[in-house]
Amino acid sequence: MTKIKTADAVKNCRGVGCPMNMVYTKVELAKLQSGQVLELILDDGPPINNVPGSVIKEGHKILEQRQLADGAWLVLVEKG
Amino acid sequence: MIDFTSEQLERYSRHILLQDVGVEGQAKLLGAKVLIVGAGGLGAPAALYLAAAGIGTIGIVDSDTVEISNLQRQVVHFTKDIDMPKVESAKEKMLAINPGIEVKTYQECLNADNIRAIIRDYDFVVDGTDNFPTKFLVNDACVMDNIPFSHGGILRFDGQTMTVVPGKSACYRCFFRKPPPPDAVPTCSQAGVLGAIAGMLGTIQAAEALKYVTEVGELLTDTLLSFNAKTMNFRKVTLQKQKNCPICGENPTVTELIDEEQALTCNLRQY
Ligand SMILES: [Zn+2]
């Protein structure tokens, strides 16, 4: 899969559990303008199962979500 | 925007996670200044929750020292604090919860001469006094200086509270025109009060302060919320700003602050 948009910011939440990964995600999104993209790395398991849904609920868009070689997930979020 | 430290992000994570609050809301809380009048039954929980919430500057006014009879409901004061000024006792606990805030203490009795100079520095006032003259004084000064505040009162098993945004919503004097005569008012020491209702009401007042600062939800403006702890009935009565209100009406008759009879005795007990 190719990236639809290049990220304006990157946040690596490897090793960060719920809900602090969502806190860091919100902090990063708060720094962006609407339409800008955040590249988020989330652990497999609860983080990838929870964070994207919460991000959508807060009015943002998930552009892409794919698993990396180490099992973590790369998620591209467009700020709403 | 404030650059949060990772410790702050952890500390305030449960605020930041709220969609309505978020990082922006927490930044507003850290930048806010709230004054608590009275370090008694209502002021105690308000002080603890506002400190915990990260209100950046909290002022607290009280002229009294801690007495053993306060400890049944004034949860910011401990047995070891007896005889200590209440404002110092409260400050110690607030900073123990949250060393990242500033607490300003005013160990004095609010009166017509000093109140405006004190409240002027604040964005919001939590009125936790137990006597009518001071409640009127706080109302009048806040209306004159355009400072939103939360009114609160408790007695026996009952509590009542309303939030006033001067110029926009009904003020305390819109309904309670003037303090009742001093001999008609049962003082707290005569009437008694169930300790936990101080926590219930003071915590509602703290929530109103947080809502005002973060601009979340609907305040208890034009609304008198009352409850009775025996039945746990909560009731809201809708109020309207009165055109003939002596202070916020069209032709105000209260144009300067005065000390009502009861307020002159500084020996007032907080609820
Ligand atoms: Zn009025």
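Student: Is B:E208 buried or exposed?

Tutor: Keep in mind that this is a predicted model. B:E208 is buried, because its relative accessible area is 3% and buried means under 20%.

Student: Where does B:E208 sit in chain B?

Tutor: B:E208 belongs to helix α10 of chain B.

Student: And which residues does B:E208 touch, leaving out those up to four places away in sequence?

Tutor: With those left out, B:E208 touches B:F124, B:T163, B:E218, B:L219 and B:L220.

Student: What salt bridge does B:E208 form?

Tutor: The partner of B:E208 is B:K211, and their closest N and O atoms are 2.7 Å apart. The two residues are 3 residues apart in helix α10 (residues 195-214) of chain B, so about one helical turn separates them.

Student: Is B:K211 buried or partly exposed?

Tutor: B:K211 counts as partly exposed, because its relative accessibility is 22%.

Student: What does B:K93 form a salt bridge with?

Tutor: B:K93 pairs with B:D81, and the closest N and O atoms are 2.6 Å apart. B:K93 lies in helix α5 (residues 86-97) of chain B, and B:D81 lies in the loop between β2 (57-61) and α5, so the pair ties together parts that are 12 residues apart in sequence. Both B:K93 and B:D81 are buried.

Student: Which residues are linked with them in a network of salt bridges?

Tutor: The network of salt bridges links B:K80, B:D81, B:E92 and B:K93.

Student: Which ring does B:K93 lie over?

Tutor: B:K93 lies over the face of B:F78, at 4.5 Å from the ring centre. Chain A has such a case too: A:K11 lies over the face of A:Y24, at 4.8 Å from the ring centre.

Student: While we're on rings, how many aromatic pairs are there over all chains?

Tutor: The structure holds 5 aromatic pairs over all chains. There is also an aromatic cluster formed by B:F136, B:Y172 and B:F176.

Student: New topic. What coordinates the zinc ion?

Tutor: Four cysteines of chain B do, each through SG: B:C171, B:C174, B:C245 and B:C248, at 2.3 Å.

Student: Why is the arrangement around the zinc ion tetrahedral?

Tutor: The 4 donor atoms subtend angles of 98 to 120 degrees, which makes the arrangement tetrahedral. Four donors count as tetrahedral if all angles lie between 85 and 135 degrees.

Student: How are the donor residues of the zinc ion spaced in sequence?

Tutor: The spacing is C-x2-C-x70-C-x2-C. Distant parts of the chain are linked here: B:C171 is in the loop between β6 (158-164) and α8 (172-175) of chain B, and B:C245 is in the segment after β8 (233-238) of chain B, 74 residues apart.

Student: Is B:C171 buried or exposed?

Tutor: B:C171 counts as buried, because its relative accessibility is 1%. B:C245 is buried as well, with a relative accessible area of 1%.

Definitions and conventions. Residues are numbered from 1 along each chain as its sequence is written. Chains are lettered from A and ligands numbered from 1 in the order in which they are written. This is a predicted model: local features need pLDDT of at least 70, side-chain atom pairs count only at pLDDT 80 or more; totals for chains, interfaces and linings use all residues. Side-chain values use heavy atoms; hydrogens and water are left out. Donors are N, O and S atoms within 2.8 Å of the metal (3.2 Å for Na, K and Ca); water is not among the atoms, so sites may look incomplete. Four donors count as tetrahedral if all angles lie between 85 and 135 degrees; four count as square planar and six as octahedral if opposite donors are over 155 degrees apart and all others between 65 and 115; anything else is irregular. Helices (H or I, at least four residues) and strands (E, at least two) are DSSP runs, numbered from the N terminus. Buried means under 20% relative accessible area, exposed over 50%, partly exposed in between (1.4 Å probe, protein chains only). Rings of Phe, Tyr and Trp (its six-membered ring) pair if their centres lie within 6.5 Å; planes under 30 degrees apart count as stacked, over 60 as edge-to-face and the rest as tilted. A charge sits over a ring if NZ of Lys or CZ of Arg is within 6 Å of the ring centre and within 35 degrees of the ring normal. A salt bridge is a side-chain nitrogen of Lys or Arg within 4 Å of a carboxyl oxygen of Asp or Glu. Contact means heavy atoms within 4.5 Å.
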